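Here is a quick walk through one structure, stop by stop. Have the sequence and the 3D view open as you read.

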Amino acid sequence: MIGAVIDAPVCLWFIVCGYVWRNLVKKTVTSLADGRELIYYDSADDTVRDAVDRRPLGAVSTSSEIRRDPLLGDSVAIASHRQGRTYHPPADECPLCPSRSGRLSEIPDSHYDVAVFENRFPSLAGDAGRCEVVCFTSDHDASFADLTEEQAAVVLEAWTDRTAELAGLGQVTQVFCFENRGAEIGVSLGHPHGQIYGYPFVTPRTELMLRSARAHREETGRNLFEDVVARELAEGDRVVLSGEHWVAFVPYAAHWPYEVHLYPRRRVLDLRGLDEAARTEFPQIYLELLRRFDRIFGPAEPPTPYISAWHQAPFRAPGREDFALHLELFTIRRTSGKLKFLAGSESGMSAFINDVPPEAAAQRLREVASE
Ligand SMILES: [Zn+2]
């Protein structure tokens, strides 16, 4: 089905996880020349997406393999085909910019709102999971923080829809939506984009969180995440931003120099559980957080490199009901021009040493609030 276009129903009401939310965007599902899926999310419901990928692409060859470490009990994806992937292409060869005559990219159309496609160089593929790329805007020189609230709302709808869709794939156990920003993080493409990994296993960090939540439940009868948020709100000195439906704080034992955790005030398991009020407020809160991150080190510094990571409950995992959707945003920059490297203690022993007290980090993130 090369270049086939399927128009998905527009503005449907979905009933997911007992909550009802309205799909405010138009979704168009099509495919690239090598058969990979491409999905457009548009804010205008009369948008027509019928451009065809005319590149002479060969079939995607992937050989992901999941190996279990017998000592740590965790899983490692071995993906040797990734060695040949695109690395820092010049801006006029960006594969995430829209196509124009004489220069065809991963997005056949000449403009888009949000576009998602299967990664041609996936870390996880086939039975080993799925990797997708999310292009936040067709503007190559923008960053997420430059988006309007309306654009950010479309991204949220795309993340939510991808979570719902990947939940239906038998091989996917956990959906991870994230953004790596900045060359310091190892980003190989400058175009504003994020990724979605559908893992075929529960990731080690999520396993640890579920274990802590289980122990807390047994000890106190309460939910760990709810208690953590309540403690941060009660102590207050690490709270960075407080909305009607979301709260952001630097955690008590932050691992990174500047690290913020963002929670919806009403606990939900994953993005599908957010109600309309939380969805509506999210763009304003998240964009403000990103803009503050860019101001931490002052106007003379290049944009702050960061990792923004959505934590969602894994599917079909024991204890998942005790999980809480939240976003963890952190930078590896610790001061002007200096990065926090994961050296001996962190890389060798997973024992973090953080030079910036969380209360001071929170104070700085309050000082750089938008006027
Ligand atoms: Zn680009």
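## Asparagine 119

Asparagine 119 counts as buried, because its relative accessibility is 14% and the cut-off for buried is under 20%. As a reminder before going further, this is a predicted model. You'll find asparagine 119 in the loop between β8 (114-118) and β9.

What is asparagine 119 in contact with, leaving aside its neighbours within four places in sequence? The list runs to Arg36, Cys131, Glu132, Val133 and Gln195.

## The zinc site

On to the metal. Four protein residues donate to the zinc ion: Cys94 and Cys97 through SG, and His140 and His191 through ND1. These donors lie 2.0 to 2.3 Å from the zinc ion. The angles among the 4 donor atoms run from 103 to 118°, and the site is tetrahedral. For reference, the ideal angle for four tetrahedral donors is 109.5 degrees.

Read along the sequence, the donor residues follow the spacing C-x2-C-x42-H-x50-H. Histidine 140 sits in the loop between β9 (130-135) and α1 (149-167), while histidine 191 sits in the loop between β10 (174-181) and β11 (193-199), so the two of them tie together parts that are 51 residues apart in sequence. Both of these histidines are buried. Cysteine 94 is buried as well, because its relative accessibility is 2%.

## Cysteines without bridges

How many disulfides does the structure hold? The count is 0. Take cysteine 177, which is in no disulfide: the nearest cysteine sulfur belongs to cysteine 131 and is 12 Å away, whereas a disulfide would need the pair of sulfur atoms within 2.5 Å. Cysteine 177 counts as buried, because its relative accessibility is 0%.

## Histidine 111

Histidine 111 has its place in the loop between β7 (75-78) and β8.

Not counting residues up to four places away in sequence, histidine 111 touches Arg49, Pro98 and Ser138. Pick out proline 98 from that set: proline 98 and histidine 111 are 13 residues apart in sequence, and their C-alpha atoms are 5.5 Å apart in space.

## Where α1 meets α4

Now for a pair of helices. α1 and helix α4 (residues 276-295) pack at an angle of about 115°, and their axes are 9 Å apart. The crossing is right-handed.

Which residues meet here? From α1 come Glu149, Ala152, Ala153, Leu156, Glu157, Trp159 and Thr160. On the α4 side they meet Arg279, Phe282, Pro283, Gln284, Tyr286 and Leu287.

Arginine 267 lies in the loop between β14 (258-264) and α4. Its relative accessibility is 25%, so arginine 267 counts as partly exposed. Leaving out residues up to four places away in sequence, arginine 267 touches Asn223, Phe225, Glu226, Glu321, Asp322, Phe323 and Ala324. Arginine 292 is 25 residues from arginine 267 along the chain, and their C-alpha atoms are separated by 25 Å.

Alanine 213 belongs to helix α2 (residues 204-220). With 0% relative accessibility, alanine 213 counts as buried. Again setting aside residues up to four places away in sequence, alanine 213 touches Leu224, Phe225 and Asp322. Phe225 and Asp322 turn up among the contacts of arginine 267 too. Leucine 72 and alanine 213 are 141 residues apart in sequence, with 20 Å from C-alpha to C-alpha.

## Positive phi in two loops

Last stop: two residues with backbone angles worth a look. Arginine 316 has a phi near 50°, a positive value in a residue other than glycine. Arginine 316 lies in the loop between β15 (306-311) and β16 (326-331). Arginine 316 is exposed, because its relative accessible area is 55% and the cut-off for exposed is over 50%.

Serine 350 is not a glycine either, and its phi is positive at about 55°. The loop between α5 (344-349) and α6 (358-367) holds serine 350. At 63% relative accessibility, serine 350 counts as exposed.

Terms used
Residues are numbered from 1 along each chain as its sequence is written. This is a predicted model: local features need pLDDT of at least 70, side-chain atom pairs count only at pLDDT 80 or more; totals for chains, interfaces and linings use all residues. Side-chain values use heavy atoms; hydrogens and water are left out. Donors are N, O and S atoms within 2.8 Å of the metal (3.2 Å for Na, K and Ca); water is not among the atoms, so sites may look incomplete. Four donors count as tetrahedral if all angles lie between 85 and 135 degrees; four count as square planar and six as octahedral if opposite donors are over 155 degrees apart and all others between 65 and 115; anything else is irregular. Helices (H or I, at least four residues) and strands (E, at least two) are DSSP runs, numbered from the N terminus. Buried means under 20% relative accessible area, exposed over 50%, partly exposed in between (1.4 Å probe, protein chains only). Axes are lines fitted to C-alpha atoms, for helices over the stretch in contact, and angles run from 0 to 180 degrees between N-to-C directions. A crossing is left-handed if the near helix is turned anticlockwise from the far one by less than a right angle, and right-handed if clockwise. Contact means heavy atoms within 4.5 Å.
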